[in-house]
Amino acid sequence: MVGDIVETKQCQLKDPMDLFHSGQVVKICAPMVRYSKLAFRTLVRKYSCDLCYTPMIVAADFVRSEKARDSEFTTNKGDRPLIVQFAAKEAQILCDAARIVCPFADGIDVNCGCPQRWAMAEGYGACLINKPELIRDMVRHVRNQIDNPRFSVSIKIRIHEDLKRTVDLCQKAEATGVSWITVHGRSVEERHQPVHYDAIKIIKQSMSIPIVANGDIKTLKDAENVHHLTGADGIMVARGLLANPAMFAGYEETPLKCIQDWVDIALEHGTPFTCFHHHLMYMMERITSKQEKKVFNVLSSTSAVLDYLNNHYGV
């Protein structure tokens with residue numbers, strides 16, 4: 001887990017709460033299963049991303065298994081500020097997981113928004129929005145047992161059909177000492193329906209801690225619009241960054257320089273081929289024809305991908 005971690009002086013790092021108090025909208029890379037790993041975080045940080053999350057990690061597995069720790073969490077000295085997102089349902093286990101990552105990250109986030117059936121069946125993710133007392137206990141445990149007062153504890157939620165319940169949940173979380181709350185503006189049942197930005201605005205107006213808006217943000221213009229619509233302090237992006245990792249730097253589509261950067265970073269990090277290839281498929285979605293996709297998407301080795309990029313794009 002920490003073999004490639006180098007000690008960095010705390011004073012050189014941008015603290016997440018400093019970002020939220022900077023007067024600028026904080027640009028955030030979402031936790032994405034399989035995708036928001038170290039190599040991709042390294043890439044988006046080159047293109048104006050302020051804060052990155054790890055993919056969701058199941059806290060119980062992470063605490064119990066060294067193998068899980070090694071495979072789920074890698075970082076390095078440039079990978080800051082960093083938030084580690086955990087799926088958890090027991091306060092002490094979350095706290096134990098937080099203690100392990102504390103020296104190498106700036107905070108943890110509790111996933112209270114994942115709508116996938118497996119997560120909810122296990123008691124993780126979005127089912128937690130109906131358990132404010134459990135959220136309170138988890139936040140308090142981490143607050144009481146982690147010595148670093150600047151270590152953040154945040155939550156990421158979905159909204160209830162009855163928004164009053166969401167506002168109540170957020171206010172209870174704020175009273176418990178949560179650092180900020182990310183709101184995905186859909187209910188658990190909603191998948192591709194329009195995002196309720198009006199709901200995020202109401203939540204923002206009801207709180208005094210930072211609120212991050214999430215959902216269907218695909219361009220820098222979208223991010224600016226959502227900020228104006230909701231008043232959110234931060235904008236979190238998932239698929240928009242997969243399709244264009246240079247989005248926060250104002251590019252409308254992935255520039256070739258960004259593709260070159262990805263190739264260099266992925267090879268340097270020893271990124272597994274499937275992940276390396278999938279990221280390129282996302283990045284090139286908007287800049288390749290159907291015919292090109294047919295050829296590129298079935299390439300089956302790193303050397304074949306590198307040859308293709310060299311021959312077609314000079315990368």
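Tutor: Helices (H or I, at least four residues) and strands (E, at least two) are DSSP runs, numbered from the N terminus. This is a predicted model, where local features need pLDDT of at least 70 and side-chain atom pairs count only at pLDDT 80 or more, while totals for chains, interfaces and linings use all residues. Residues are numbered from 1 along each chain as its sequence is written, and side-chain values use heavy atoms, leaving out hydrogens and water.

Student: OK, how many helices and strands does the chain have?

Tutor: Over residues 29-292, the chain is 45% helix and 14% strand. For the chain, the count comes to 15 helices and nine strands.

Student: What radius of gyration does the chain have?

Tutor: The C-alpha atoms fill a box of roughly 55 × 40 × 40 Å along the principal axes. The globule rule is 2.2 Å times the number of residues to the power 0.38, with the radius taken over C-alpha atoms. For 315 residues a compact globule would come out near 20 Å, and that agrees with the chain's 19 Å.

Student: Which residues does the UniProt domain annotation cover?

Tutor: The unreviewed entry carries "domain: DUS-like FMN-binding"; such annotations may be inferred rather than shown by experiment. The end C-alpha atoms of the annotated stretch are 28 Å apart. According to the record, the domain covers residues 29-292.

Student: Are α13 and α15 roughly parallel or roughly antiparallel?

Tutor: Helix α13 (residues 273-283) and helix α15 (residues 302-313) pack with axes 10 Å apart, at about 25°. Axes are lines fitted to C-alpha atoms over the stretch in contact, with angles from 0 to 180 degrees between N-to-C directions. Under 35 degrees counts as roughly parallel, over 145 as roughly antiparallel, 65 to 115 as roughly perpendicular and the rest as oblique. So α13 and α15 are roughly parallel.

Student: Which residues of α15 make the contact with α13?

Tutor: Contact means heavy atoms within 4.5 Å. From α13 come Phe273, Phe276, His277 and Leu280. The residues of this contact divide into six nonpolar, two polar and no charged (Ala, Val, Leu, Ile, Met, Phe, Trp, Tyr, Cys and Pro are nonpolar, Asp, Glu, Lys and Arg charged, the others, Gly among them, polar). On the α15 side you'll find Thr302, Val305, Leu306 and Leu309.

Student: And which residues of α12 meet α13?

Tutor: The axes of α12 (residues 256-269) and α13 come within 11 Å and cross at roughly 170°, so the pair is roughly antiparallel. Helix α13 brings Cys275, Phe276, His279, Leu280 and Met283. The contact of α12 with α13 has eight nonpolar, one polar and no charged residues. Helix α12 brings Ile259, Trp262, Val263 and Ala266.

Student: How many charged residues sit in the contact of α9 with α10?

Tutor: Helix α9 (residues 197-205) and helix α10 (residues 220-230) pack at about 50°, axes 8 Å apart, which makes them oblique. Tyr197, Ile200, Lys201 and Lys204 in α9 meet Val226, Leu229 and Thr230 in α10. By class that's four nonpolar, one polar and, for the charged ones, two.

Student: Where is Pro81?

Tutor: Most peptide bonds are trans. The one from Arg80 to Pro81 is cis, with omega near -5°. Pro81 is in the loop between α4 (66-72) and β4 (82-87).
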